[in-house]
Amino acid sequence: MKNNAITSRDIDFAKWYTDVVRSAKLADYSSVKGCIVIEPNGYAIWEKMQEILDKKFKELGHVNCQMPLLIF
């Protein structure tokens, strides 16, 4: 099934990726230039990835740290 709202991956990979992310409601652009809003579907994926990776990192003896989200 072809979806005309999503650019073909063979034509423009970056546009295809953006189209898929926005169509799946994973993230969207903010009104603030350079900022992206992570939508609930995208955040759910992020939380699951974090859960899995956190367990694996701790098994290996690593310690978590967090970097700034915005740099002025």
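**Charged pairs and a loop residue**

Me: What do the side chains of Lys-48 and Glu-51 meet in?
Reply: In this model, which is predicted, the side chains of Lys-48 and Glu-51 meet in a salt bridge, with 3.5 Å from N to O.

Me: And where are Lys-48 and Glu-51 in the chain?
Reply: Both belong to helix α2, which covers residues 40–59, and because they are three residues apart there, about one helical turn separates them.

Me: Is Lys-48 exposed or only partly exposed?
Reply: Lys-48 has a relative accessibility of 45%, so it counts as partly exposed.

Me: Ok, which residue does Asp-54 form a salt bridge with?
Reply: Its partner is Lys-58, and the closest N and O atoms of this pair are 3.1 Å apart. Asp-54 and Lys-58 also lie in helix α2, where they are four residues apart, or about one turn of the helix.

Me: What are the relative accessible areas of Asp-54 and Lys-58?
Reply: Asp-54 is partly exposed at 24%, whereas Lys-58, at 51%, is exposed.

Me: How many salt bridges does the count come to?
Reply: The count comes to five salt bridges, when a side-chain nitrogen of Lys or Arg has to lie within 4 Å of a carboxyl oxygen of Asp or Glu.

Me: Is Asp-19 buried or exposed?
Reply: Asp-19 is buried, since its relative accessible area is 8% and buried means under 20%. Lys-15, on the other hand, counts as partly exposed, with a relative accessibility of 40%.

Me: Which side chain does a polar contact of 2.7 Å join to Thr-7?
Reply: That polar contact joins the side chain of Thr-7 to the side chain of Asp-19. Thr-7 sits in the segment before α1, and leaving aside residues up to four places away in sequence, Thr-7 touches Asp-12, Lys-15, Trp-16 and Asp-19.

Me: New topic, where is the place of Lys-25?
Reply: Lys-25 is found in the loop between α1 and β1, the latter being residues 27–29.

Me: What is phi of Lys-25 near?
Reply: The phi of Lys-25 is near 55 degrees, which is a positive value in a residue other than glycine. Lys-25 also counts as exposed, at 55% relative accessibility.

Note on methods: Residues are numbered from 1 along each chain as its sequence is written. This is a predicted model: local features need pLDDT of at least 70, side-chain atom pairs count only at pLDDT 80 or more; totals for chains, interfaces and linings use all residues. Side-chain values use heavy atoms; hydrogens and water are left out. Buried means under 20% relative accessible area, exposed over 50%, partly exposed in between (1.4 Å probe, protein chains only). Helices (H or I, at least four residues) and strands (E, at least two) are DSSP runs, numbered from the N terminus. A polar contact is a pair of N or O atoms within 3.5 Å; within protein, one must be able to donate a hydrogen and the other to accept it, and residues adjacent in sequence count only if both atoms are side-chain atoms. Contact means heavy atoms within 4.5 Å.
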